[in-house]
Structures are given as C-alpha cells and as structure tokens.
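The report below works through helix packing, the nonpolar core and a few individual positions. Please keep the sequence and the 3D view at hand while reading.

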Amino acid sequence: MSILRSSPPAAAGPAVPGHVAIVMDGNGRWASRRFLPRVAGHRQGVESLRHCVHACAERGVRVLTVFAFSSENWQRPADEVSGLMDLLVRALAREVPQMHRDGVRLHCVGDRKALSEKVCKSLAQAEAMTAGNTRLVLNICFNYGGRWDIAQAAAALAARGEPITETSLHEAMAMAHVPDPDLLIRTGGEQRISNFLLWQAAYSELFFSDRLWPDFDEAALDEALAAYARRERRFGKTSAQVQPPQPQSRGPVVA
Ligand code: FPP
C-alpha cells in the first residue's frame, strides 16, 4: 500500500503531477560531445538528478521514479557497467544524508539478485535511513525492466496459487507502493518507452524532451510540468465527462 495514498497532497495545485517518472537518456552523448568517457556523462547525470529531486519536491510532486539501469544495460561495455555500479554506491553515500534531511524516501526498484553484495548493502542502507520520510518518494529503478516486473509478479502469484487479475498483478508488482505515474518524461530526443513501467504507464501523459539528461535543468522540468498541466486526462471517458462543472450563468444583468 502506498504511503502516499493515505497522506494529504502537498500544497500543490491539481495540475501538478503527483508522480513523475523519467527515462534519463543522453548521458553518453553529453560525454562524447566533450570527448569524455561515457561514465563522465553518467556522473553529470547524478548532478542533474540531484537538482531534479530538489525541484520536484519544491513543486509538490510526491513521487519521482527514475530509470538508472535497465535489465538490458548489462549488454553495455564492461567498464561502463562497472562504472554505473560504482557510481550508484558513491552517489548513495554522498547524496542520501542530504536527501534524508530534505524528507526524501528512497526505494530501489528492480531485480537485486544479479547485483553485488556491496551494491545491495548500500541500497538497503539508503532505504533504511530514509524509511520514515514522507515529503517525496524517490524510486531508483536499477536492474529494472517492465517485462521483468510483470513476469515476476505473475510468477509470485502462481507460486502462491493465487488467481491472476489486474488487481492482484498490480499489487504483486515492484511499484505497488506508489500510485501509477501521471507524467512520464524521456530526455535525449528518442521517443520510446524502452521497457520502463510498461504496466504502470498505461495512462501516463508522455513528454519527450530533446535535452540530454545532464542538461535537463529546472526550466526544462517546468516546461514538462506546464505541458502536463495543459493536457486533458480522460482515462477512457469523453471530454464532457471529465470537465469540471461550469458555474451556472445568472443571465443578463439588467438595470
Ligand atoms: C541513459 O543514457 C542513461 C543510463 C543508462 C544511466 C542513467 C544513469 C544516471 C542518470 C546516473 C544516475 C545513476 C545512478 C547510479 C543513481 P545513455 O548512456 O544511453 O546516453 P546516450 O543515449 O547518449 O548514449
């Protein structure tokens, strides 16, 4: 059960998405354009993530979910994979104490079986330290894939002999602790989902930015939030059904 479903919303207008999910794409290109190794782009990506967490909390977003390492990223060159593992451990050690002071609760979402003991330990420590925080939930998807999540949820239900329904699957998934994302942003100019939140993004509003992730600053976030605020979310209904009731006309004013 989501800790956020039972909490009152932050002081934010209804047009602020409660849950923002981001495919942080473009680190490699950012680095290549500067003749730097790809991992330098990922390091700069951590800086961008820190600013984004802060900005989301300030704007009243309650959940931020980021794609940091996909099930498919193991196929990258070994030095990039080990660079990302090291970066995660270092970033958690450096950033989590401040996140804790800022009221951020951290969750790692993904298959931990393939992760090293060192990585698992630092994730568990970060989660334990921030477990009591309620201002913003930060889900770091690491060794995560949407197909993995659907399959592991179905396997867990089958192992328990439980029926597979939309509700039971949803509750067995790794993202069951938060509501579905309202807004899904992808940076870096590509327009695809890439196995991110396949189930949960069914009704998310999509926003694609040409900015590379290390260049995705507060102004770029605000552009995405403004685009979201202009969308009409119908969830399968008609426009008339989801329009808020208009105030009654009082007729012409006569002297
Ligand atoms: C995709 O860009 C990005 C990743 C696979 C890694 C994302 C990681 C970070 C933003 C750093 C934060 C991570 C941690 C460990 C907390 P890409 O490398 O595919 O970029 P490209 O499309 O330009 O090659």
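At what angle do helix 2 and helix 7 pack, and how far apart are their axes? Helix 2 (residues 38-59) and helix 7 (residues 218-230) pack at an angle of about 45 degrees, with their axes 10 Å apart.

## Basis of the description

This is a predicted model, in which local features need pLDDT of at least 70 and side-chain atom pairs count only at pLDDT 80 or more, while totals for chains, interfaces and linings use all residues. Residues are numbered from 1 along each chain as its sequence is written.

Helices (H or I, at least four residues) and strands (E, at least two) are DSSP runs, numbered from the N terminus. Axes are lines fitted to C-alpha atoms, for helices over the stretch in contact, and angles run from 0 to 180 degrees between N-to-C directions.

## Helix 2 against helix 7

At the angle of about 45 degrees, helix 2 and helix 7 are therefore oblique to each other; angles under 35 degrees count as roughly parallel, over 145 as roughly antiparallel, 65 to 115 as roughly perpendicular and the rest as oblique. The crossing of helix 2 and helix 7 is right-handed, a crossing being right-handed if the near helix is turned clockwise from the far one by less than a right angle, and left-handed if anticlockwise.

The contact brings H51, C52, A55 and R59 of helix 2 together with E218, L221 and L225 of helix 7, where two residues are in contact if their C-beta atoms, placed from the backbone, lie within 7 Å. By class, the residues of this contact divide into 4 nonpolar, 1 polar and 2 charged, with Ala, Val, Leu, Ile, Met, Phe, Trp, Tyr, Cys and Pro counted as nonpolar, Asp, Glu, Lys and Arg as charged, and the others, Gly among them, as polar.

## Helix 3 and its two partners

Helix 2 also packs with helix 3 (residues 78-101), at an angle of about 25 degrees and with the axes 10 Å apart, and these two helices are therefore roughly parallel to each other. Their crossing is right-handed. On the helix 2 side the contact involves R38, V39, H42, R43, V46, R50 and V53, which meet E80, G83, L84, L87, A91, E95 and M99 in helix 3; these residues divide into 7 nonpolar, 2 polar and 5 charged.

Helix 3 and helix 4 (residues 117-130) pack at an angle of about 10 degrees, again with axes 10 Å apart, and that makes helix 3 roughly parallel to helix 4. Here the crossing is left-handed. The contact is made by M85, L88, V89, L92, A93, V96, M99 and H100 of helix 3 and by K118, V119, S122, A126, M129 and T130 of helix 4, and its classes are 10 nonpolar, 3 polar and 1 charged.

## The nonpolar core

The largest nonpolar core holds 56 residues, of which V53, L64, V66, F67 and I140 touch the most other members; such a core is a set of buried Ala, Val, Leu, Ile, Met, Phe, Trp, Tyr and Cys residues joined through C-beta atoms within 7 Å. Strand 4 (residues 136-144) gives the most to this core, with 7 residues. When residues up to four places away in sequence are not counted, V66 touches I22, M24, L49, I140 and C141.

L183 has its place in strand 5 and counts as buried, with 23 C-beta neighbours inside 10 Å; a residue is buried if 20 or more other C-beta atoms lie within 10 Å of its own, exposed if 12 or fewer, and partly exposed in between, with C-beta atoms placed from the backbone. Leaving out residues up to four places away in sequence, L183 touches P17, V20, S204, E205, F207, A224 and Y228. L183 and E205 are 22 residues apart in sequence, yet 4.7 Å apart in space, C-alpha to C-alpha.

The loop between strand 5 (183-186) and strand 6 (205-208) contains S194, and L197 is found in this loop as well. S194 has a positive phi of about 50 degrees although it is not a glycine, and phi of L197, likewise a residue other than glycine, is near 45 degrees. Is L197 buried or exposed? L197 counts as buried, with 26 C-beta neighbours inside 10 Å, whereas S194 is partly exposed, with 14 other C-beta atoms within 10 Å.
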